[in-house]
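Please consult the sequence and the model shown here before reading on.

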Amino acid sequence: MSAADTRPAPTANLQGLTVKQAASIMNVSERGVYDARRLIRSARADLIAEVEAGRMSLNRALMLAGERALRSGLAALRNAWSRATPDERAAFLAERCAEDLGKQS
């Protein structure tokens with residue numbers, strides 16, 4: 001057995017590192033490190049397991065844990081509208097008006 005075979009497997013124990021270092025090692029954003037820490041502190045083992053298995057996003061887990069507000073459909077629309085260009089807004093409004101007129105016929 002070689003020395004490489006007796007080494008412990010790498011773990012996610014990143015204590016003693018800065019957030020920037022941990023983010024670099026894990027290939028995630030610094031915000032991702034902060035968010036993961038928030039989820040761990042929520043003590044929701046069920047959600048942590050889902051995120052680790054790749055079946056749930058960290059963002060969704062934080063929402064379900066009550067660590068991040070659930071975004072309503074209206075909030076999503078407002079966000080999309082604020083990011084839309086004037087041309088995209090005009091196209092959207094034209095489509096909506098055409099659909100509304102079609103329903104009145």
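Which side chains meet Asp35 in a salt bridge at 2.9 Å, N to O? The side chain of Arg68 does so; a salt bridge here is a side-chain nitrogen of Lys or Arg within 4 Å of a carboxyl oxygen of Asp or Glu. Arg68 lies in the loop between α4 (58–64) and α5 (73–83) and Asp35 in helix α2, so the pair ties together parts that are 33 residues apart in sequence. Helices are DSSP runs (H or I, at least four residues), numbered from the N terminus.

The model is predicted: local features need pLDDT of at least 70 and side-chain atom pairs count only at pLDDT 80 or more, whereas totals for chains, interfaces and linings use all residues. Residues are numbered from 1 along each chain as its sequence is written, and side-chain values use heavy atoms, with hydrogens and water left out.

**Salt bridges**

Seven salt bridges are found in a search of the whole structure. Three of these pairs are set out below.

| Pair | Distance, N to O |
|---|---|
| Arg68 and Asp35 | 2.9 Å |
| Glu50 and Arg55 | 3.1 Å |
| Arg38 and Asp35 | 3.7 Å |

Arg38 and Asp35 both belong to helix α2 (residues 30–41), where they stand three residues apart, about one turn of the helix. A network of salt bridges links Arg31, Asp35, Arg38, Glu67 and Arg68.

Accessibility is classed by relative accessible area: buried means under 20%, exposed over 50%, and partly exposed in between (1.4 Å probe, protein chains only). Asp35 is buried, at 9%, and Arg68 is buried, at 18%. Arg38 is partly exposed, at 30%.

**Packing of α1 and α2**

Two packed helices are described by the angle and the distance between their axes. The axes of helix α1 (residues 19–26) and α2 come within 8 Å and cross at roughly 100°. That makes α1 roughly perpendicular to α2, a class that covers 65 to 115 degrees. Axes are lines fitted to C-alpha atoms over the stretch in contact, with angles from 0 to 180 degrees between N-to-C directions.

Val19, Lys20, Ala22 and Ala23 in α1 meet Glu30, Val33 and Tyr34 in α2, contact meaning heavy atoms within 4.5 Å. The residues of this contact divide into five nonpolar, no polar and two charged. Ala, Val, Leu, Ile, Met, Phe, Trp, Tyr, Cys and Pro count as nonpolar, Asp, Glu, Lys and Arg as charged, and the others, Gly among them, as polar.

How values were computed: Helices (H or I, at least four residues) and strands (E, at least two) are DSSP runs, numbered from the N terminus. Angles under 35 degrees count as roughly parallel, over 145 as roughly antiparallel, 65 to 115 as roughly perpendicular and the rest as oblique.
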